[in-house]
Amino acid sequence: MVNPKGSSQSKICYRPIRPSDFDVLERIHGRLFPIRYESTFFQDVVNGRDIVSWGAVDISRPNDQSDELIGFVTARIVLAKESEIVDLLGYDSAKSDQTLVYVLTLGVVEAYRSRGIGSSLVLLSAIVSYMKSGFKAVAAKLCKNEVRKISRWEKCKESHSLVSLSTIPNKRNVAVECNGSEFV
């Protein structure tokens with residue numbers, strides 16, 4: 001590994017963790033934490049299964065290392081009412097729509113510490129998590145509104161129509177046949 005301490009030429013970039021990061025992510029976790037994580041944890045992280053994950057890379061490193069992780073954060077979005085925060089802080093569990101970002105793991109390789117990389121990763125994961133939950137909420141509302149609109153079109157008397165909703169969160173297409181025109 002290149003020793004970047006004192007090097008003013010390091011260029012740190014942040015990107016989502018991807019499947020090709022599996023080995024490096026597992027190796028860094030092994031060095032940083034006294035706990036051995038199961039392989040399924042890393043599979044979930046690199047494939048984005050219920051885990052938000054971001055990595056830091058130094059793009060000024062030699063080509064074969066310019067995209068290798070030097071830091072990471074893994075986090076999960078949880079509903080406030082399903083977390084311990086309700087008990088600890090007396091949180092109003094009636095606010096069921098409130099979400100929290102629960103940081104699972106956070107690490108930066110030793111040569112890159114004290115540069116604000118960890119703080120940036122936490123901030124980035126929080127912003128992305130809240131944006132993601134916001135998009136899900138908006139999509140759910142749009143989907144609910146579209147479903148209401150479909151019921152109006154079901155009563156139409158034209159000869160043939162098709163309404164397709166591609167905004168449903170589980171990415172299924174729902175089609176409702178009616179009579180008359182085609183609506184997509």
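The model is predicted, so I took local features only at pLDDT of at least 70 and side-chain atom pairs only at pLDDT 80 or more, while totals for chains, interfaces and linings use all residues. Residues are numbered from 1 along each chain as its sequence is written, and side-chain values use heavy atoms, without hydrogens and water.

**Positive phi.** I noted a phi of about 65° for Ser 114, positive although the residue is not a glycine. Ser 114 sits in the loop between E4 and helix H4 (117-154); helices (H or I, at least four residues) and strands (E, at least two) are DSSP runs, numbered from the N terminus. I then checked Asp 50, another non-glycine with positive phi, near 60°. Asp 50 belongs to the loop between H2 and strand E2 (52-58), and with a relative accessible area of 67% it is exposed.

**Whole chain.** I counted four helices and six strands in the protein chain, in the order β-α-α-β-β-α-β-α-β-β along the sequence. The chain has 184 residues, of which 32% count as buried. Of its contacts (heavy atoms within 4.5 Å) with a separation of 6 or more, 56% join residues 24 or more positions apart.

**H1 against H2.** How are helix H1 (residues 22-32) and helix H2 (residues 39-46) packed? I read an angle of about 130° and axes 10 Å apart. Axes are lines fitted to C-alpha atoms, for helices over the stretch in contact, and angles run from 0 to 180 degrees between N-to-C directions. H1 and H2 are therefore oblique to each other; under 35 degrees counts as roughly parallel, over 145 as roughly antiparallel, 65 to 115 as roughly perpendicular, and the rest as oblique.

From H1, I listed Phe 22, Leu 25, Glu 26 and His 29 as meeting Ser 39, Phe 41, Phe 42, Gln 43, Val 45 and Val 46 of H2.

**Burial in H1.** I found Phe 22, Val 24, Leu 25, Ile 28 and His 29 buried. Their cover includes H2, strand E3 (69-79) and strand E4 (99-108).

Key. Buried < 20%, exposed > 50% of the residue type's maximum accessible area, 1.4 Å probe, protein only.
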